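Here's a quick walk through a two-chain model. Have the sequence and the coordinates open as you read.

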Amino acid sequence: MMPEPQFLCQLDEIEEGRSKGVAPNRRGRDRILLARRDGEVYGYVNTCPHYDRAPMAWKKDEFLNADGTRIMCASHGALFRIEDGVCEVGPCLGQVLRRVDVFIREGAVYGVNLPEEPKV
Amino acid sequence: MRIIGPDELVFGVDNVKACETFLVDYGLASVGNGRFTALDNTAITVREKSDPSLPAPLKTATMLRQTIWGVEDQATLDQIEAELSRDRAVAKAADGTLSCKDDSGFELAFRITRRTVLNLPAELINSPGAAPGRAVNAIGANEDAEAKPRTLSHIVYFLPNMDEAARFYTDRLGFVVTDKFTNTGPFLRPQANNDHHVLFMIQTPDYMQGLEHLAFHMQGPTELMLAGSRMVKKGYESFWGPGRHKFGSNWFWYFNCPLGTHFEYDADMDKHDGEWIERETALTKEASQMFLFENVEKWSPGGPPPDAK
């Protein structure tokens with residue numbers, strides 16, 4: 001059975017060319033990052049493939065490089081394509097961010113294959 | 001050779017404004033021309049990555065463009081120039097600063113240090129059995145303490161060949177290995193500094209080469225936690241810590257930043273001299289730290305009022 005889609009945020013909370021962290025875990029750390037580019041919203045698990053527990057933003061909701069064309073891991077500057085999560089330069093070269101399928105319904109963003117929250 | 005430690009790190013970044021905000025929030029002072037200083041004038045400099053005044057970048061993601069080492073005197077600069085000129089180009093600027101590459105391709109510079117000598121109190125604690133650290137009625141928990149980084153402590157390179165890389169610093173520049181993680185890399189200190197390390201290396205594939213992190217020394221564990229919790233409150237991403245390392249004994253708290261490296265606050269690092277005998281162990285989670293905590297939301301104890309049924 002498909003799991004229920006999970007509400008992530010309102011679409012208008014993510015400006016074009018910007019990003020947002022959503023689905024906080026019990027400690028308040030965002031498990032998912034959303035990036036909006038050319039009207040599309042892309043979702044990825046907020047962990048850099050380089051380390052096993054590396055949140056990628058440098059500040060709340062700041063996941064992109066300066067011109068908003070790449071997802072940047074602030075740990076070591078790795079750059080990922082927004083459309084498919086492939087790392088083009090950085091410590092995780094050639095590796096891929098884990099995709100989260102998202103869709104938009106009535107102005108809200110939902111995710112359908114969110115990772116399970118690890119047991120605390 | 002009387003090398004003291006890192007004097008200044010120069011970055012070529014893609015988001016100058018974000019970096020400037022981060023560096024001020026981290027606790028450095030903006031002194032103009034892209035320079036941000038600790039209390040002793042050691043510094044971070046950020047420029048737009050296309051700035052022609054910057055040394056060429058590595059081909060990797062790192063934004064570090066130059067590591068400037070501070071030395072005690074002109075005699076040391078002369079020694080470095082003579083030694084390194086034997087097998088590489090060493091440029092000399094009008095102010096006497098030397099620049100060249102190390103054996104891994106990192107851009108280096110050497111200059112007479114611009115750091116000032118600090119005269120500041122240590123963290124003062126009261127400990128049973130010892131004389132009180134603070135005067136009677138002097139308060140320890142000062143939420144308004146400035147908690148400013150005092151001095152640039154150390155840097156950590158990702159690089160592909162730790163043994164070759166370390167030999168450049170030990171054989172050519174007189175650094176000493178204080179401890180080593182087998183198959184990962186050595187902790188190094190130069191001759192004019194007895195801190196456990198000013199340079200550490202982590203061996204990686206060549207496409208990862210760059211700056212893993214940098215650290216500034218804080219007054220002590222309390223200021224480290226105060227500064228770190230202020231960063232969390234401002235929305236910055238805590239990466240690792242607070243905790244206390246084993247090698248070096250320093251307290252640590254690492255943050256992500258828009259300079260594409262980790263900025264660490266550290267405090268209370270061990271000091272060593274020539275009598276110290278190097279330790280070596282495999283790098284494991286256990287070996288990496290004595291303990292590790294994570295910032296959580298504030299909480300307070302309490303109960304219902306006495307007349308509640």
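## A buried histidine

H213(B) is buried, at 6% relative accessibility (buried means under 20% relative accessible area with a 1.4 Å probe, protein chains only). You'll find H213(B) in strand β13, residues 210–217 of chain B (strands are DSSP E runs of at least two residues, numbered from the N terminus). This is a predicted model, where local features need pLDDT of at least 70, side-chain atom pairs count only at pLDDT 80 or more, and totals for chains, interfaces and linings use all residues. Residues are numbered from 1 along each chain as its sequence is written, chains are lettered from A and ligands numbered from 1 in the order written, and side-chain values use heavy atoms, with hydrogens and water left out.

What does the side chain of H213(B) make a polar contact with? The partner is the side chain of E264(B), at 3.1 Å (a polar contact is a pair of N or O atoms within 3.5 Å; within protein, one must be able to donate a hydrogen and the other to accept it, and residues adjacent in sequence count only if both atoms are side-chain atoms). Leaving out residues up to four places away in sequence, H213(B) also touches others, including H154(B), Y254(B) and H262(B) (contact means heavy atoms within 4.5 Å).

## A threonine with no exposure

T67(B) sits in strand β5, residues 64–71 of chain B. This threonine is buried too, with a relative accessible area of 0%. The side chains of T67(B) and Y157(B) are joined by a polar contact of 2.6 Å. Among the other residues that T67(B) touches, beyond four places away in sequence, are E8(B), E107(B) and I155(B).

## The nonpolar cores

The largest nonpolar core has 65 residues, and F11(B), I44(B), F110(B), Y169(B) and L259(B) touch the most other members (a core is a set of buried Ala, Val, Leu, Ile, Met, Phe, Trp, Tyr and Cys residues joined through side-chain atoms within 4.5 Å). A second, separate core of 22 residues includes A35(A), I71(A), C87(A) and F239(B).

## Where the chains meet

At the interface, 25 residues of chain A are in contact with 27 residues of chain B. Three salt bridges are counted between chain A and chain B (a side-chain nitrogen of Lys or Arg within 4 Å of a carboxyl oxygen of Asp or Glu). One of them pairs E237(B) with R29(A), with the closest N and O atoms 3.0 Å apart.

Key:
Buried means under 20% relative accessible area, exposed over 50%, partly exposed in between (1.4 Å probe, protein chains only). Helices (H or I, at least four residues) and strands (E, at least two) are DSSP runs, numbered from the N terminus.
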